[in-house]
Amino acid sequence: MIIDDPVLQDTRAILAAVGHHPFARHALGPGTPARGYRRDGAVVWKVSPEHGPAGCAIGPAGAAIEACAALAADGLLQPGQRLHLPRHDRGLLANRLTVTEHRDWDFHWTDTAPPAQADEQRVVRLAEADRPALEALIDVAFPSINSRPGDPRVVAWYGIRAGDRLVACGADRSQSDVGFLAGLTVAPDQRGRGLGAALTAGMTRALLARHDTVALGVYTDNVGAVRLYRRLGFTNTLPLSSVRLG
């Protein structure tokens, strides 16, 4: 049972246990109630759904999965909830956790300003008046995005215009002392012109003025984006797998 694992009673204890890793710092914002568990070198923490994924972990994948399986057996994790776990092959979940979704992604971070990019000066912070243009761009360029105007997790939106038209956008979803970029996208007919690099660099520079670290997440099959982010200094990487419990 999970009660046999050493318990970390609050966010402060969890952050100390993982060496204040940027992923944990981002996931566990100020005032986020959380409880953590240690198992064989892994640290797993659980939060209530309104604070994000039900559970996250850092450390050996097998140990993290065993801890989550024990939490599920105790009724502390429920079907439909999402977990961010250390990268693993789906087969490792057999006879431990039943999942309906499984996708690999990387958490990248930097604490260094990116190289200057052409058109970076065109990146501006958007206002409420830009919301219709923002929604129209997202609907065309990135309809599956999980951050949209009105999302309470978004601190601000940034964008690039071509004349009166919004052609690129990204969300500032910073939390705690870690800046976080999300939903970076460029209009289909404007791609290949360096606007993605300009947007990423401009937003990173703006967020580093307020945070000591800036991070982003990218699916492993988005090879072009991974290459771009590494070129802009996001060379620190935590490989993760996200699952939805069945």
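R25, D177 and D212 are linked in a network of salt bridges, a salt bridge being a side-chain nitrogen of Lys or Arg within 4 Å of a carboxyl oxygen of Asp or Glu. The structure is a predicted model, in which local features need pLDDT of at least 70 and side-chain atom pairs count only at pLDDT 80 or more, whereas totals for chains, interfaces and linings use all residues. Residues are numbered from 1 along each chain as its sequence is written, and side-chain values use heavy atoms, with hydrogens and water left out.

By this criterion, the number of salt bridges is 16. R96 pairs with E66, with the closest N and O atoms 2.7 Å apart. This pair links distant parts of the chain, 30 residues apart, since R96 lies in the loop between β5 and β6 and E66 in helix α3 (residues 61-73); helices (H or I, at least four residues) and strands (E, at least two) are DSSP runs numbered from the N terminus. R96 is partly exposed, at a relative accessible area of 36%, and E66 is likewise partly exposed, at 30%. Buried denotes under 20% relative accessible area, exposed over 50%, and partly exposed the range in between (1.4 Å probe, protein chains only). A salt bridge also joins the side chains of E120 and R205 (2.5 Å, N to O). E120 is in the loop between β6 and β7 (124-125) and R205 in helix α5, so the pair ties together parts that are 85 residues apart in sequence. E120 counts as buried at 13% relative accessibility, while R205 is partly exposed at 31%.

The largest nonpolar core comprises 60 residues, with F23, W45, F107 and W157 having the most contacts inside it. Helix α5 (residues 195-208) supplies the largest share of this core, 7 residues. A second, separate core of 20 residues includes A57, A67, L85 and V99. A nonpolar core is a set of buried Ala, Val, Leu, Ile, Met, Phe, Trp, Tyr and Cys residues joined through side-chain atoms within 4.5 Å.

H88 is located in the loop between β5 (82-86) and β6 (99-110) and is buried, with a relative accessible area of 7%. Its side chain makes a polar contact with that of H102 (3.1 Å). A polar contact is a pair of N or O atoms within 3.5 Å; within protein, one must be able to donate a hydrogen and the other to accept it, and residues adjacent in sequence count only if both atoms are side-chain atoms.
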